[in-house]
Structures are given as C-alpha cells and as structure tokens.
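Please view the structure below alongside the text.

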Amino acid sequence: MLNSQMVEMIALGVWETIYITLLSTFFGYVIGLPMGICLKLTDKDGLKPNAFIYKILDVIANIVRSIPFLILLILMIPFTRLVVGKSYGSAATIVPLVVAAGPFIARMVESSLNEVDPGVIEAAKSMGASNLRIVLKVLLVEARTSLITGATIATGTILGYSAMAGTVGGGGLGAIAIRYGYNRYQLDIMAITVVLLVLLFQLFQTIGMTLASRLDKRK
C-alpha cells in the first residue's frame, strides 16, 4: 500500500527521471550535433567531402547504435565507475545514456540536414558565404523544424533507456519499478511507475512537437 514514504520516493523518482533524461539529452547533443554536422559536411555530396572522415564517423555511429542499450550499459560499467566513481544511481546512469544517445542523435541530425533544399545551399555558396556561415545560417536554420522533431524523438528514446537502466542499479522510476514492482511483486508500484513514465513521455512529446509546429515556416 502507498504511504507517505512511498509517495516521497516516487516523487524523487520522477525528479531523477527528468534530471537523467534532460541532462543525458543535452550531453548527447553536445556529442551528436557536431558529429551529425560533420557527417553531412564530409558526405560525398557535402560542402567538404572527405570519404575517410565520413567512414570513421559512420562506422562509430553504426557500431554504437547496433549494441542493445542494456548490453552497452553493462559493458560500460568499468568506464562509468572511472568517470563518476560508482556504477549505480542517477549520475552513473547518465554516462552510458550519453554514449548511446550521441551516435543516435548524430544520425538524426544528419537526416534533418539532408532535408535542406540543395538549391538554397548553392545560392548561399554563389553569394560567397563560407562553409561555417552556411552551416549556421542555412543548414541549421532551414532544418530547425526537423531538428526539433528529432530532439523530441531522442528525448523520448532516452527516457525509455533511463527506465532500462533500473535493471542494473540506475536511478529514477525505472529503478523503483524493478526494485519494488518486479522484485517485491508490488504491482501497484509497478502500475504507478508505468503511468508516470507514459505521462512524462507524453509531456516531452507535446512540448517538442508544439515547438516544432510553431517554428515551421511552411505553415
């Protein structure tokens, strides 16, 4: 049965889940956004074609994305312990989440940038714009709606991954669901955590899609 202590624990779990998800998404973009831009630039049709660099980034993205997150989580325990000093809890969960999210985000960024009309890029080049200016003023601006949609999808995916981390001592609602709902057969706790995860997912999706819709200049 729920009591004040359990309610307090669930409230803390919600906060930890939001903290883990948003921080992991942020650092995922610190890695994934530049990586995605580099993939776009070094592609054979990019502004600075470079097959060698593109292939390296392509292989890294494919390898990391091909590893199931739960397995990646376990494989990274030594590295996680090296970075944060422990392999359990909210802070420890963020490390593998960022590693998993970076290449995933890079692919989404690359896909979004590929949607930009090549004619717009050619027009900017004909006016003497530098590659940096084209990236900042053309590619990222023209693809902003798709980029925000991608960020919304990435946030939802990371939220799901954060729940998986509960199986190996991660923090947040996933840990509560595993510890109490699964291991102790407290089905009411399991149901509450599932509902809260669904609500958080819907919240992130609604905010992201609303923002993308408002910035869509095609409307």
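## Lining of the second largest pocket

In this predicted model, helix α6 makes the greatest contribution to the lining of the second largest pocket, supplying four residues. Both α1 (4-42) and α6 (118-126) provide at least two residues of that lining, and the space in the second largest pocket amounts to about 200 Å³.

The residues that line the second largest pocket are Lys40, Leu41, Asp45, Gly46, Leu47, Asn114, Val116, Pro118, Ile121, Glu122, Lys125 and Leu139. Sorted by class, this lining comprises six nonpolar, four charged and two polar residues.

## The cavity

One cavity of 30 Å³ or more is present in the structure, and the volume of the largest cavity is about 80 Å³. Eleven residues line the largest cavity, and of these Leu73, Ser87, Ala92, Pro96 and Val168 are the closest to its centre.

Two or more residues of the lining of the largest cavity come from each of α4 (77-84) and α5 (90-114), with α5 giving the most, at three residues. The lining of the largest cavity contains six nonpolar and five polar residues but no charged ones.

## Confidence in the model

Across the protein chain the mean pLDDT is 87, and 97% of the residues reach 70 or more. Confidence is highest in helix α2 (residues 51-66), at a mean of 92, and lowest in helix α9 (residues 173-182), where the mean is 80.

Conventions:
Residues are numbered from 1 along each chain as its sequence is written. This is a predicted model: local features need pLDDT of at least 70, side-chain atom pairs count only at pLDDT 80 or more; totals for chains, interfaces and linings use all residues. Side-chain values use heavy atoms; hydrogens and water are left out. pLDDT is the predictor's confidence in each residue, from 0 to 100. On a 1 Å grid over the protein atoms alone, a cavity is a set of points where a 1.4 Å probe fits but cannot get out, and a pocket is an open set with protein on both sides within 12 Å along at least five of seven lines; lining residues have an atom within 4 Å of a point. Grid points are joined across faces, edges and corners, and a volume is the space filled by probe spheres set on the points. Ala, Val, Leu, Ile, Met, Phe, Trp, Tyr, Cys and Pro count as nonpolar, Asp, Glu, Lys and Arg as charged, and the others, Gly among them, as polar.
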